[in-house]
Amino acid sequence: MTLAGCQTPAPQSVLDSQRPPSRSIKRDYVGVLRGTIKPGDFTKAEISSVVLLDPAKQIYAFCTRTAERSNPNWSYIGIALYQNVSVDASKNDYRCRDKRLRYYKFPELLNMKS
C-alpha cells in the first residue's frame, strides 16, 4: 500500500525494461479514446516507453501525457497491460512523472479522426 506523500519512483529494473510503444499499442489506445474525446482537443500528446511492471505476472505498462486547449499543463494516464489487453488505467499516475521514463511524440492521437 502506498501512503500519500510516500510514493516512490519506479524501480530501476522497471525502467531498464523500456522499449518504444508498438504500432498496435498506439492504434488500440486511439481506438479506445475515439468517440470519448473530440478530435483536435489535444494540443500536445506523447506516449511513453512500455515497461515490464510485474515480471512474475508478465504485466506491462505505459503512460500517455496530453495537454488540452482548456488546460495547457500535462495530464497523465497510466495503463497496465496483460497479454496485450488493458487491465487497468489510472489518471494522474505518479509513476508517469518519473523523469527517467522516455516519452515519444504521439501524432496518431493528435490527428485522431472521430
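A disulfide is a pair of cysteine sulfur atoms within 2.5 Å. In this predicted model, Cys63 and Cys96 form such a link, with an S to S distance of 2.1 Å. The structure holds one disulfide.

**Disulfide**

- The bond between Cys63 and Cys96 is left-handed, with -80 degrees about the S-S bond.
- Distant parts of the chain are linked by this pair, as the two cysteines lie 33 residues apart.
- Cys63 sits in strand β3 (residues 59-68), whereas Cys96 belongs to the loop between β5 (85-91) and β6 (103-105).

**Burial of the two cysteines**

- Cys63 has a relative accessible area of 7%, and because buried means under 20%, Cys63 is buried.
- Cys96 has a relative accessibility of 1%, so Cys96 also counts as buried by that cut-off.

**Second largest pocket**

- The second largest pocket has about 270 Å³ of space.
- This pocket is lined by 14 residues, and the closest to its centre are Asp28, Tyr29, Ile79, Leu81 and Ser86.
- At least two lining residues come from each of α2 (23-33), β4 (71-82) and β5.
- Helix α2 gives the largest share of the lining of the second largest pocket, with six residues.
- By residue class, the lining of the second largest pocket consists of 10 nonpolar residues, three polar and one charged.

Technical notes
Residues are numbered from 1 along each chain as its sequence is written. This is a predicted model: local features need pLDDT of at least 70, side-chain atom pairs count only at pLDDT 80 or more; totals for chains, interfaces and linings use all residues. Side-chain values use heavy atoms; hydrogens and water are left out. Helices (H or I, at least four residues) and strands (E, at least two) are DSSP runs, numbered from the N terminus. Buried means under 20% relative accessible area, exposed over 50%, partly exposed in between (1.4 Å probe, protein chains only). On a 1 Å grid over the protein atoms alone, a cavity is a set of points where a 1.4 Å probe fits but cannot get out, and a pocket is an open set with protein on both sides within 12 Å along at least five of seven lines; lining residues have an atom within 4 Å of a point. Grid points are joined across faces, edges and corners, and a volume is the space filled by probe spheres set on the points. Ala, Val, Leu, Ile, Met, Phe, Trp, Tyr, Cys and Pro count as nonpolar, Asp, Glu, Lys and Arg as charged, and the others, Gly among them, as polar.
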